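This report describes the architecture of one protein–ligand model. The sequence and coordinates are displayed below, followed by an account of selected features.

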Amino acid sequence: MNLLDIRNLTIELDTPKGRIKAVDRFSIVMQDAEIRGLVGESGSGKSLVGRAIMGLLPDKWHVKADRFFFGGEDLQQMSAEERRLFMGQEGAMIFQQPSTYLDPSAKIGEQLLEALPLQPSFGFAFWKRHTARHEKIAGILHKAGIRDHKRVMNAYAHELSEGLCQKIMIAMAIANEPRLLIADEPTSTMEAITKIQIYKLLAKMNQLRKISVLHISNELETAANWTDRVTVMYCGQVVEAGPTQQIIKQPFHPYTYALASMIKKDPEMGMLNVLPGTMPTLQHLPTGCRLGPRCPRAHKACIETPRTRYVRHRNYRCHTPLNLEEKHANAAASGQTH
Ligand SMILES: Nc1ncnc2c1ncn2[C@@H]1O[C@H](COP(=O)(O)OP(=O)(O)OP(=O)(O)O)[C@@H](O)[C@H]1O
């Protein structure tokens, strides 16, 4: 069974200048125990998608979808409160700058105790439960790669490194045994070695506990080594999705090609040196293909909005795909979402 099945998700916001569509017809299907990358430039709508899945968007956002299922349950049939409760049990989300999500005035141990679900089945007498809960927390911290749990439990967030704070956030996230963990740029402020530690930890959680991970990132490189599949977003829309290695080696969409080129080049060069210009604002979207004004392959047909095409377990949204024989591009008919 699919863990996550979203078709044509649209996320809109009312502004003084009218309603803007920040996410447009976003679709994704994720399996149990899958690690999925969600990649795109800053402002492409990745975080909004993550928050919409968790039911964390404030009421001012209008969220609609043709299909929005999690573990076979229709999230759109639930009230906002039911949905928050359901996703609070089935899912968890971690963010960049983890220290800002920890309470600066409470010790880490107290915060972990709060995050740990109450389990009447502990089977201990009342006076022993406190010790049992502390032991459980120590166990969770160990699983999150934290060996000196006593020091960490007695510390405040500001006394710990960002890497350690992220491991604590992961420990809190897995305390509830979620089926899906959404990691929103979890390592963007960290050094290379800490990044690797965090990815290894997330991969371990995936392998040992079969937790699915939706990993949100600005770079395709981050997704390259440890995601099974990747979904690429540009300007609120999915432009390509498919198995990560195939997408990196043979991207169909010119935007994915640009992201893949950055893996080989100096990342400090940034997107500007790969594609000219910048991503348009939501208030000034171009007609037709949203990449059009920046795309080296743009031609007359691109003033029409490209539809999603499906080929070989992948999908893309482009009139002039790369690495695809013309006969395949023409034959790419509608099929499954990936
Ligand atoms: N509270 C808000 N009010 C108005 N616009 C917003 C708000 N939050 C997000 N947006 C807009 O929605 C779009 C998508 O934002 P989102 O944060 O999802 O992008 P992102 O791809 O996650 O970027 P980043 O990598 O920088 O987090 C952007 O154009 C952003 O400016």
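## Pairing of β8 with its neighbours

In this predicted model, L180 has S212 as its bridge partner in β9. The two strands concerned, β8 (residues 180–184) and β9 (residues 212–217), are parallel and share five bridges.

Of the five residues of β8, four are buried, so the strand is largely enclosed by the rest of the structure. Helix α6 (residues 162–175) lies across β7 and β8, and its direction makes an angle of about 170° with β7.

## The eight-stranded sheet

These strands belong to an open sheet of eight strands with mixed pairing, ordered β7-β8-β9-β3-β10-β11-β13-β12. Its edges are formed by β7 (91–94) and β12 (309–311), each of which pairs on one side only. From one strand to the next, the twist averages 20°.

## Strand β3

Within the strand order, β3 stands between β9 and β10. Towards β9, the pairing is parallel and comprises five bridges, with L38 having I216 as its partner in β9. Towards β10 (residues 229–234), four bridges are found, and the strands again run parallel; here R36 is opposite R229.

How many residues of strand β3 (residues 35–39) are buried? Five of the five are, so the strand is largely enclosed by the rest of the structure. I35, G37 and V39 point one way from β3, while R36 and L38 point the other way; both groups are buried.

## The ligand shell

The residues around the ligand are L13, A22, G40, S42, G43, S44, G45, K46, S47, L48, N218 and L282. By class, the shell consists of four nonpolar residues, seven polar residues and one charged residue. Helix α1 (residues 46–54) gives the most to this shell, contributing three residues.

## An exposed loop position

S105 is located in the loop between β7 and α3 (108–115). Is this residue buried or exposed? S105 counts as exposed because it has 8 C-beta neighbours inside 10 Å, and the limit for that class is 12 or fewer.

S105 and G288 are 183 residues apart along the chain, and their C-alpha atoms are separated by 51 Å.

## Overall composition and confidence

The protein chain contains 11 helices and 13 strands. It has 338 residues, of which 40% count as buried. Among contacts between residues at least 6 apart in sequence, 66% join residues at least 24 apart.

The average pLDDT of the protein chain is 89, and 89% of the residues score at least 70. For the complex, the predictor gives an ipTM of 0.96 and a pTM of 0.90. Where pLDDT is low, the predicted coordinates should not be read in detail.

Technical notes:
Residues are numbered from 1 along each chain as its sequence is written. This is a predicted model: local features need pLDDT of at least 70, side-chain atom pairs count only at pLDDT 80 or more; totals for chains, interfaces and linings use all residues. A residue is buried if 20 or more other C-beta atoms lie within 10 Å of its own, exposed if 12 or fewer, and partly exposed in between; C-beta atoms are placed from the backbone. Two residues are in contact if their C-beta atoms, placed from the backbone, lie within 7 Å. A residue is near a molecule or strand if its C-beta atom, placed from the backbone, lies within 6 Å of it. Ala, Val, Leu, Ile, Met, Phe, Trp, Tyr, Cys and Pro count as nonpolar, Asp, Glu, Lys and Arg as charged, and the others, Gly among them, as polar. Two strands pair if DSSP finds at least two bridges between them. Axes are lines fitted to C-alpha atoms, for helices over the stretch in contact, and angles run from 0 to 180 degrees between N-to-C directions. pLDDT is the predictor's confidence in each residue, from 0 to 100.
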